[in-house]
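Open the model in your viewer and keep the sequence panel beside it. The tour below goes from stop to stop, saying what to select and what is there.

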Amino acid sequence: MADITAIKLNSNVKLQMGTFHVAVWGCQMNVYDADRIRDLMTASGYVEQNEPKGADVIILVTCAVRAKAEDKVFNQLGSWRHQGIINDDTVIALGGCVGSELAHQIIEIDPKIAIVFGPRTAHKLPAMVAQYRATHESVVDVNAEALEKFDALPEQGQRGPSAFVTIMEGCSNNCTYCIVPHTRGGEESRPEQDIIDEVITHVANGVKEIHLLGQNVNSYRGLDANGNVSRLSSLLYEIAAIDGVERLRFTTSNPMEFTDDIIQAIADLPVIADSIHIPVQSGSDRILKLMHRDYTADSYRELIRKLRQARPNIFISTDIIVGFPGETDEDFAQTMQLVDDIKFDASFSFIYSKRPGTPAAEYEDNVPLEHKRQNLYALQAKLEEYATMYSQSLMGTRQRVLVEGISRKSDQELKARTSNNRIVVFEGSRDLVGQMVDIDVIKVMSHTMKGRLVGQGMNLS
Ligand code: SAH
Ligand code: SF4
Ligand code: F3S
């Protein structure tokens, strides 16, 4: 296996023109990484193509959070090979969380994979491709300092009207079921000024909505310009004050560090969107403890009460794991009760997936899969009911929306997003794409809404 530590991104890399295609799975942090990889490859002289067929380099940004997520990349590669979309000349670079989880094992699983990188080494890709092309030996590099990537990447390119900005890398919470601390490493926060600079560049490029990302943004502890530690609430005030930021979101918030200063910032800053994702995972204190989640169902209820007091219209979504090892019917009933108490908006729920090397993988798990499935369906039916209830509550209301693009179903219609994260389609001219406009909600369907434009262009409220 070749050692790439000595290879640096230099002018030779720029000469190696070719095409690349990026495929991405997983969470928003992977979407951010994939966008930055696009910026980097383009700056290095490669040309992006939207389809994999015929690309010289295929870059796979993968997710390992559940076994099914991990399988996706290998299934995709199999199907591309079968269809002749990739061949023996295609340089395949497998990265993201499966890259760092399996590292050298990936080459053993599939010797045709040329390059393995991780979330922390994405910035080394052009050098890794150059190395592989020079030697035809597989290149594996998944280790780097958490923040090295951010310093090494070129300035971010054009995005749509909404842009993700990663504010911290990794996670140190070690929830017993979770592989993320292993795949992304320990938590580290980016300096405040770097984040602000990135936001300013986005706004100059026409971005209206900034979405801050981290596995647990509530524990942000980046240094400010004076070398003092800045917390998430200070960062929110700083970003809200940047001219041109019209909407601000942040994901994911862990309930255990949702401190009152963050709630106060939500109350003070109307630019923060009316929707927030706070994964609860379970409504049973016994299971929360086994999961190593440092809060209780009641402290979660109290947090939501405070949030709704600060922002009465806020929609709250969550993640729930069903069938954690040893989960009893009584534990599950407590989760169902919590869902009824909180009345979550559109949420994500999953059957527990055993992840190698995590503490929970050693726990005895005697609940039959079929029973877990039935519980999941019952939970999802309940979650769907409440999501529909929230959608219906928007019928007849006026909403300020960010126009994200043309609707997929009809090119006469635009697609936009409300503050509380609902998609609305409405008739309007293409030059509204990228702008904030007001619409009246005239129809509510299961997952989208139909609207009517109130005025034209910006500053309508
Ligand atoms: N950092 C976020 C979650 C990131 S992972 C947080 O702590 O809230 C996204 C979601 O995947 C988690 O909220 C959890 O619900 C789910 N998840 C993580 N590991 C899982 C596993 N082993 N099995 C099933 N679901 C899992
Ligand atoms: Fe995983 Fe827990 Fe970290 Fe979220 S907070 S990424 S669930 S270890
Ligand atoms: Fe998946 Fe990695 Fe995100 S495991 S959920 S892509 S941090």
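Start by selecting Ala103, which sits in the loop between helix H4 (97–102) and helix H5 (105–109). The model is a predicted one. Ala103 has a phi near 40°, a positive value in a residue other than glycine. Most residues other than glycine have a negative phi, and most peptide bonds are trans.

Select Thr251 and Thr252: the peptide bond from Thr251 to Thr252 is cis, with omega near 0°. Thr252 belongs to the loop between strand E13 (247–251) and helix H11 (260–268).

**The domains**

Now colour the chain by domain. The domain assignment gives domain 1 (12–141), domain 2 (148–393) and domain 3 (398–453). Show domain 1 and domain 2 together. Their centres, taken over C-alpha atoms, are separated by 28 Å. Where they meet, 25 residues of domain 1 are in contact with 34 residues of domain 2.

**The open sheet**

Next, show the strands E1 to E6 as a cartoon. In what order do the six strands of this open sheet lie? The order is E2-E1-E3-E4-E5-E6, and the pairing is parallel. Strand E2 (46–48) and strand E6 (139–141) are the edge strands, each pairing on one side only. On average, neighbouring strands of this sheet are turned by 20° against each other, direction ignored.

Zoom in on strand E5 (residues 115–117), which runs parallel to E6 and is joined to it by three bridges. Strands of a sheet pair through backbone hydrogen bonds, either parallel or antiparallel.

**The ligands**

Turn to ligand 3 and display the residues around it. These are Cys27, Asn30, Cys63, Ala64, Val65, Cys97, Val180, Arg184 and Gln215. Sorted by class, this shell has six nonpolar, two polar and one charged residues. Why does ligand 3 lie between domain 1 and domain 2? Domain 1 (12–141) and domain 2 (148–393) both give residues to its shell, so ligand 3 lies between them.

Move to ligand 2. Its surroundings are Cys171, Asn173, Asn174, Cys175, Tyr177, Cys178, Val180, Pro181, Gln215, Asn254 and Arg293. By class, the shell around ligand 2 has six nonpolar, four polar and one charged residues.

Ligand 1 comes next, with 15 residues around it. Which of them come nearest? They are Gln215, Pro279, Gln281, Asp319 and Ser353. An oxygen atom of ligand 1 is 3.0 Å from an N or O atom in the side chain of Arg66. A nitrogen atom of ligand 1 is 3.0 Å from a polar backbone atom of Tyr177. At Ser353, a backbone N or O atom lies 2.8 Å from a nitrogen atom of ligand 1.

**The barrel**

For the last stop, show strands E18 to E22. Five strands close into a barrel here, in the order E18-E19-E20-E22-E21, with mixed pairing. Neighbouring strands of this sheet are turned by 50° against each other on average, direction ignored.

Select strand E18 (residues 398–406) and look at its partners. With strand E21 (residues 436–444), E18 pairs in the antiparallel sense over five bridges. Gln399 has Ile439, in E21, as its bridge partner. Five bridges also join E18 to strand E19 (residues 413–418), and these two run antiparallel. Val403 stands opposite Ala416 in E19. A hairpin of six residues joins E18 to E19.

End on Arg417, which lies in strand E19. Arg417 and Val401 are 16 residues apart in sequence, yet 5.2 Å apart in space, C-alpha to C-alpha. Leaving out residues up to four places away in sequence, Arg417 touches Arg247, Arg249, Arg400, Val401, Leu402, Glu404, Arg422 and Ile423.

Terms used: Residues are numbered from 1 along each chain as its sequence is written. Chains are lettered from A and ligands numbered from 1 in the order in which they are written. This is a predicted model: local features need pLDDT of at least 70, side-chain atom pairs count only at pLDDT 80 or more; totals for chains, interfaces and linings use all residues. Side-chain values use heavy atoms; hydrogens and water are left out. Two strands pair if DSSP finds at least two bridges between them. Helices (H or I, at least four residues) and strands (E, at least two) are DSSP runs, numbered from the N terminus. Axes are lines fitted to C-alpha atoms, for helices over the stretch in contact, and angles run from 0 to 180 degrees between N-to-C directions. A residue is near a molecule or strand if one of its heavy atoms lies within 4 Å of it. Ala, Val, Leu, Ile, Met, Phe, Trp, Tyr, Cys and Pro count as nonpolar, Asp, Glu, Lys and Arg as charged, and the others, Gly among them, as polar. Domain bounds come from an automatic or database domain assignment. A polar contact is a pair of N or O atoms within 3.5 Å; within protein, one must be able to donate a hydrogen and the other to accept it, and residues adjacent in sequence count only if both atoms are side-chain atoms. Contact means heavy atoms within 4.5 Å.
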